[in-house]
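Here's a quick tour of some packing and backbone details. Have the model open while you read.

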Amino acid sequence: MTENSMFTAGQFLLGTFASNCSGGMSVTKVPERWKNSWDNNLKLAQLLDAAGIDFMLPIARWIGYGGETNFHGNVLETVTWAAGLLAKTQNINVFATIHTVANHPIVLAKQIATIDQISGGRIGLNIVAGWNQPEYEALGLELPTDHETRYAYAEEWFDVVKTLWQRTETFDYDGKFFNLRQVLGDPRPARKVPMLNAAGSGQGRAFAVRNADFLFTPAIDLERSASEVAELKAQGKASSRDLGVLTFSHVVCRPTEKEARDYLQHFGKDNADWEAVDNLVRLQFAHAHSFPHDLLALIRDRMAAGHGGFPLVGTPEQVAEGILSLHRAGFNGTTLSFVDYAEEFPYFRDTVLPILEAEGIRRSVTTATAAA
């Protein structure tokens, strides 16, 4: 059986991020902001699939960020969302984002193995060790104050999952957090499930280097990113692992630069939900290290426009050049978000993708589909 196409694509990977969440990645009050209904997600998935986009990545969220829009207050659960989309598409990969503390590893291992069969091996797993204290409180849980404990739990959690997918006979598991008796993972995924992890702290990045196939990190300063990506890949090689590094971007693509800049001002500044933005930034400072804290205070506007994603704003040529700059910095791919994904993606597909193909970092849809 062939490998998952995330490993064999041979091109700069492109995906979407957070289409399962109300507002997507834009903390804005404009009426056309993304409506994360099932129908809209299915429409988007089929558009992406037909265009040869590589993957869809969701955010697992349990309570919103408040403000006038209660940004991310309406969220489709990621395992069932992934299963439904994979049943209705042909080639695209879809990740399930899993908070280790909220999902028992035995249950999750069987869910992913089931979706592996539904999808013909196109399911991916994005592991979150936990950071959002209000969500822990909503679930009746206590957030460990130190990263060491969070990642020690995640390490053991994922070890259980991997063992279930590797062993063919029942086994006992004796750990600090899990003590299991006579367990068996049957069925198991037929091929390697791509694993993604977003990490900024030292403990988080050590976890990702040991376990993830793709480390997800923001691109704020590309000169800084280039050295950071090279160091992460070197750490992977030192552990005999081929670690890919992905980032996330927000797209505002229009026929003219003025149109793009004017719309960015309209949705990302004049009509931003600043209360929700400030709640989001405050939580990132308090509990998460996914953004470098010395840069986080400088990108409040980026948090409103695209959750801190790398800005791809301008004409199709300018947007394509932004993606090429990520490629030159060493990233293996990026997610894309839009104010209205399904409405805006076709223009990106028709104008930006051909430039990326001509530059040699993306293959044509026909070639990519044949390879898959």
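Ala 18 sits in the loop that links β1 and α2. Its phi is near 70 degrees, a positive value in a residue other than glycine. Ala 18 is also buried, with a relative accessible area of 0% (buried means under 20% relative accessible area, exposed over 50%, partly exposed in between, with a 1.4 Å probe and protein chains only). Helix and strand labels are DSSP runs numbered from the N terminus (helices are H or I with at least four residues, strands E with at least two).

Gln 182 has a positive phi too, about 50 degrees, and is not a glycine either. This one belongs to strand β6, and at 55% relative accessibility Gln 182 counts as exposed. Then there's a cis peptide bond from Asp 186 to Pro 187, with omega near 10 degrees; Pro 187 is in the loop between β6 (179-183) and β7 (195-198). For context, most residues other than glycine have a negative phi, and most peptide bonds are trans.

## Where this comes from

This is a predicted model, where local features need pLDDT of at least 70, side-chain atom pairs count only at pLDDT 80 or more, and totals for chains, interfaces and linings use all residues. Residues are numbered from 1 along each chain as its sequence is written, and side-chain values use heavy atoms, leaving out hydrogens and water.

Strand β1 (residues 13-17) has 5 of its 5 residues buried, so the rest of the structure largely encloses it. Leu 13, Gly 15 and Phe 17 point one way, Leu 14 and Thr 16 the other way.

Which strands does β1 pair with? One is β11 (residues 333-337), parallel to β1 and joined by 4 bridges; another is β2 (residues 55-57), also parallel, with 3 bridges. Pairing here takes at least two DSSP bridges between two strands.

## Helix α3 and its cover

Of the 10 residues in helix α3 (residues 78-87), 7 are buried, so this helix is largely enclosed by the rest of the structure. The buried ones are Thr 78, Val 79, Trp 81, Ala 82, Ala 83, Leu 85 and Leu 86. Their cover includes α2 (38-51), β2, β3 (93-99), α4 (105-119) and β4 (123-128).

α2 and α3 pack at about 50 degrees with axes 10 Å apart (axes are lines fitted to C-alpha atoms, for helices over the stretch in contact, with angles from 0 to 180 degrees between N-to-C directions). The two helices are therefore oblique to each other (under 35 degrees is roughly parallel, over 145 roughly antiparallel, 65 to 115 roughly perpendicular, and the rest oblique). Trp 38, Asn 41, Leu 42 and Ala 45 in α2 meet Trp 81, Gly 84 and Leu 85 in α3, where contact means heavy atoms within 4.5 Å.

## Helices α6 and α7

The axes of α6 (residues 147-166) and α7 (residues 202-211) come within 9 Å and cross at roughly 15 degrees, and α6 and α7 are therefore roughly parallel to each other. On the α6 side, the contact involves His 147, Glu 148, Tyr 151, Ala 154, Glu 155, Phe 158 and Lys 162, which meet Gln 203, Gly 204, Phe 207, Arg 210 and Asn 211 in α7.
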